[in-house]
Each structure stands twice: as structure tokens, then as C-alpha cells.
Amino acid sequence: MSHDAIESFWREERRYPPPPAFAAQANVRDPAVYDEAARDPEAFWAAEARGLEWMTPFTRGLEWDPPFARWFSDGRLNATVSCLDRHVAAGRGGKVAYVWEGEPGDVRVLTYRELLAEVCRCAHALRRLGVAKGDRVTLYMGQVPEAVVAMLACARLGAAHSVVFGGFSPDALRERIRDSQSRVVVTCDGGWRRGQVVPLKANVDAALAGETPVERVLVVRRVGDAAGAVLEPGRDVWWHEALQGAPEAFPPEPMASEDLLFLLYTSGTTGKPKGIVHSTAGYLVGVASTFRWVFDAKPEDVYWCTADVGWVTGHSYVVYGPLANGATSLLYEGAPDWPRRDRFWDLVARHRATILYTAPTAIRTFMRWGEALPAAHDLSSLRLLGSVGEPINPEAWVWYHRHIGGGRCPVVDTWWQTETGAIVIAPLPGLTECRPGSAARPLPGYAAEVVDEEGRPAAAGAGGFLVLTRPWPSMLRGIHGDPERYRTTYWARFPGKYFAGDGCRRDADGHYWLLGRVDDIMLVAGHNISTMEVESALVDHPEVAESAVVGRTDAVKGQAIAAFVTLKGGVEPTPERAEALRRHVAHKLGAIARPDAVYFTAELPKTRSGKIMRRLLRDIAEGRALGDTTTLADPAVVRELRERYEHA
Ligand code: ATP
Ligand code: MG
């Protein structure tokens, strides 16, 4: 698309009025909402739930049999009706749901009407492949519109999707297919990443070479001949052939509120991934409501969440949340550094994106690449920035605010998990003060606390454990196939309270400061030190690009601090630099936080979702056998570190 074509396309696009329910609610930006919701959270959530389209209206709110919650259980609905049909019925079928850009630069636009038609055609195809209500379907795809279509097509016919991120290995895919007992897999011949073809179909073939329940595979032709995909007769079928001639209408299957909408495996930062179970109504209420509150999207907004649909952020804030609100999203297939390191800024500028929601790991990478790249583009369309995935260090927050947001966009740091389904702690832009490094406070309808070892409320300013003290609609309903693990992981540590696994501090004004995973909090000579604070101090040094800090056993101090550091381009790793960094941390945080060792490394081990895997660094620092590495983006990084530092 030429620049002019895009300009006039967006001009045209802004004619569509907002969804009526949305328009009425979105303008309520009254701080009283916090207190009102706190007075009667169930009434608050019931009102939010009425913003969805119901086939049978619910009369029940919360049913709580700890630790099992049900919400709106006597209602019936189909998630796709709230996401698609109602917008088309209200005359907004011509509004754009997605502008998709492929990595090579190809563009596709899908209006709500077109998306609904595609979803219906795909639902017919899946049904012909034998998918029935109550089944699970595994999706292993790139970031293409068909991934969204396939998710919604499952929901349309009452099957649950289990999306497996397209960067995972065949072994990781097979494990998840088996765990979910999927008989159908949807994939692509390949995907584009940094100009290379990701061999998605070949990976599916390798996964299915082992024992699995899979009978049929539906294959999107994304790349073409370069992918070299071979279809196995009788098992595999091309998407375009299967959808050919399928009707553009498919009656939405009436689902009970508590019916399974999807399974999604966590990223595996703390151990073996968990198959998180999400219900239909509660989940949709949670994401529809939080999307509206946090992003306050107006009809003219062009919203871009950069997450892959393979993660929960993609499920909640690329697919269900924005669609339930009738929003217009950008969707991008490829890498941020392709063909150049300014691809994101080029996308923002050309499409006049107004809201950008991305991860701290991406922001720190952009910092490392320098501010000249965003400065060369017109980013003046942006009005709101979001962050999710890890604690955002204040240095990165300020950089994001200044160099991407031009100093005028609020930065909303959003804390939540695959398990919570939707954002739990975040500022409401315009209502809640944003402080660099703090996720502000629980959104209306949620109740959180910071507690000490014994489960008593921690003093203001003191670190502790983050717990949620009241059930919420989009909370996980369990871990697939393992109810015992559900209890012990989330509900056993502090009885009656949901334990998030994260450390947190609440300041005197009630702002929450996330400190990373509890496993990542170090006890050094009797002091609790969060890895996040030491990392933040390191990244504050002008020569440091990124760092990961772990505690390792120390005979004298209990734990000693080991820091793995990536330097900025052109900076040489020398023993003098290591010493200077140790001094720098001591100067910023006090002598107690001075790292015992600083290890330089070109890359840090990260999960495919971009989170640093500190547990593997701990294994290295302690000289232990490595834990589960299946979710690592690049296993070579750990091998290399291990060879260099095992005996350090
Ligand atoms: P696993 O549970 O398998 O170890 P994971 O926790 O990385 O994987 P997710 O559910 O994707 O999988 O991530 C949720 C976690 O990410 C949170 O518990 C928290 O540690 C971190 N997180 C997400 N957003 C934020 C944020 N805004 N601030 C701080 N931490 C965050
Ligand atoms: Mg987790």
C-alpha cells in the first residue's frame, strides 16, 4: 500500500460510529468507579457482563466453592457473537478489525464483516474435518490473520483452541498436543521471520511422527513454494481448498458460561508449562472490560498490541478484548529488526497508530539500538503506551515515555498472568497517576494485597507476596488434567487467597511495585533484595544494555549476587568494567546489593515470549543440572554461558 492509499484508507475508516454500549461506558472516567466497584464487586462485574451479547441472560453472579469459582453460570452465549456478529448487526460491518502487515511488506485488511464470513467458512471446514463441540484443536501458526480466524472458528462451533506459539520445537508441540488431546491441528506451510522461512508445517510433521491423537491437519498457504511443505494425503488439507465454497454463515453454538473457551500453556519461566483452563463468559467479560478501561479506545484509535497470538497477551489483547469492543488493530507478522531496526516505527508512522502495547524486553532492545531510529519517524499519532510481561525498570519506562511517546503519552504498566486471563493491576490513564516502574493499583473489581511469610498484610513499603483476595470473572478455572497442581500452585501457600508467585511492594499511597517472581528474590545476609532492583541499577549504567541477576548459595551470606550483563554495542567486556559495575550498583542501592560476580554475555537466555529465564542462570551459577529448557528461544545461549561460567 502506498503512503497516500493508507492515509485515505484511514480517513475513510474514521466515519464509523463507536459501538453504542462502548460509547456510553467509555466516557465514564470517574475516579469514583474504584470505590463503587469495591463496595459491590459482584454488581460491578454483572454490569460489565451485561455489555456482552447473551443468548440466555444470566441471573447468577459468582458461585464460590474455594478454590473453584463459577461466574454467570446459568447464562448462555457464544464468544464470537460479542466479537463479530453484533458489530455487523449494528451497521459497523465495514469497520476494519485488522490491518495486517506481513514481514515482506504485503498488507491485508479485514473488516468486521469479512472477518465474520471467514470465521464461518473456517468453522464449516473444521466441522468437515471432524471437529465437534467440546473438542480441543491445536493451532501452531505464525502471526497471520488466519490464526485469529481459526481461534474464533473453534469458538464458533464450541471447540476449544490450544494455541502453541509458532517458535516452539516439534517436541514442545507434541507434548502440548498430547496434553490437550487434540485430534486436529491447524498450521501454516511456513512463516516469515527475519527474511527466513520458519518451517511450521515441517515442525508439525516432526511432532506427529511421534505418538499423538491427531487425525487431520489444516494448512494455510502463507509462504508458498519456498516453504517446501508436503501434504500427507488423507491427513493434511490446504486451508484454501477446505474453505472453498463453504457458506459465509455458521450458526453460533450456544455455550454455557463455564464451558471451556481455550487452553493455553504458560511460558515455563518457573518450570514445566501449565495448561491453563479458561471459561467462555468469565474470560470474555474480563478481557472486554479491562480492554475498555485500560486503553479507553475511541473509534478513531488504531491500536497495536505487538504480542504474538501464541501468548496470553495475544489472546486477550490482540483477539478477544479489542474485538469485543469493536476496535481496529494492527497485526504484524515479523521481526522488529526486519528489514531494518526501525520496522516498528515505520509501522506506527505509516498506519498512524495511536496506542502501542509491547513488552519491556522489546523496549530495552530498542534502547540498545538508540533513539535516533524512532526519532527519524513521525510518531506523533501515539497517545497511549502500554507495557506487559516483566517488571519494567524505571529507566526503560522513562525512555519509552520520552523517545516513543514524545513525553506526552501515559505509559500504562499492566500486571497480569496467563492465569488471570486479563489485566489486574494497571493505571487508568487520565484517572490514576503513572509512576515509572509501578503498575499503579488493582483495576476496579479486583482485590489484591501484599502479605508477609505468614500471610499478614505487609507494612507499607515492605516487600512481600502478591495475592488476590477475591475471585474475578476471568480467573483460570484450573490446570488441564491436574486439579491437584491447581490447588497446590495457587491456593495452598496462603489459604483462601490466590498466590500469584510474584513479589511486590505497596507504597504508602497504595501503588504496587512488582519485584519479579518470588523465586527471584534473594536473601543476602538477612536482607531481601529483588533481582529486579539490582538489574534496574545495572541497566541505569550507560554502558549496560541488559542484565539478569540471580542469587547463588554463599556459605557466609546465605546468598550472593551474581549478575549476567550484556553491554551496549562497541563496549568491551573487561575486568575493570566488571569492577566499575559492582561499584555502580553499590552506589545506587547500597553496599549490601553489590554483586559478587559480574559475568559478561552477548545474549541472555530468554523464553520465546522474551522473558529472562533466571532459573536457568541460577542453575548455571550453582553448577546444577539444567531444568526444563524447552521454552528457550535459543538453547545455545545457555550452553555457551554454562561452558564459560560453570566453574567460575
Ligand atoms: P510460568 O508460569 O510457566 O513460569 P510465566 O509466568 O512467564 O510462565 P505468563 O503467565 O505469561 O507466564 O507470565 C506472567 C508473569 O509475568 C507474571 O506472574 C509476572 O511474573 C510477569 N509479569 C507480567 N506482566 C508484568 C508486569 N507488568 N510487571 C511485572 N511482572 C509482570
Ligand atoms: Mg507464571
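## Around Tyr320

Leaving aside neighbours within four places in sequence, Tyr320 is in contact (heavy atoms within 4.5 Å) with Ala79, Cys83, Met151, Leu152, Ala155, His161, Leu261, Tyr283, Leu284, Val287 and His315. Tyr320 also belongs to the largest nonpolar core, which has 136 residues; Leu115, Leu126, Phe295, Tyr317, Val319, Tyr320 and Leu323 touch the most other members. A nonpolar core is a set of buried Ala, Val, Leu, Ile, Met, Phe, Trp, Tyr and Cys residues joined through side-chain atoms within 4.5 Å. Buried means under 20% relative accessible area, exposed over 50%, and partly exposed in between, with a 1.4 Å probe and protein chains only. Another core, of 28 residues, lies apart from the largest one and includes Leu330, Leu347, Leu379 and Ile392.

## How the model was read

This is a predicted model: local features need pLDDT of at least 70, side-chain atom pairs count only at pLDDT 80 or more, and totals for chains, interfaces and linings use all residues. Residues are numbered from 1 along each chain as its sequence is written, chains are lettered from A and ligands numbered from 1 in the order in which they are written, and side-chain values use heavy atoms, leaving out hydrogens and water.

## Confidence

The mean pLDDT (the predictor's confidence in each residue, from 0 to 100) is 91, and 95% of residues reach 70 or more. Over residues 13-27, pLDDT stays under 50.

## The whole protein

Buried residues make up 62% of the 648 residues. The C-alpha atoms fill a box of roughly 70 × 60 × 50 Å, taken along the principal axes.
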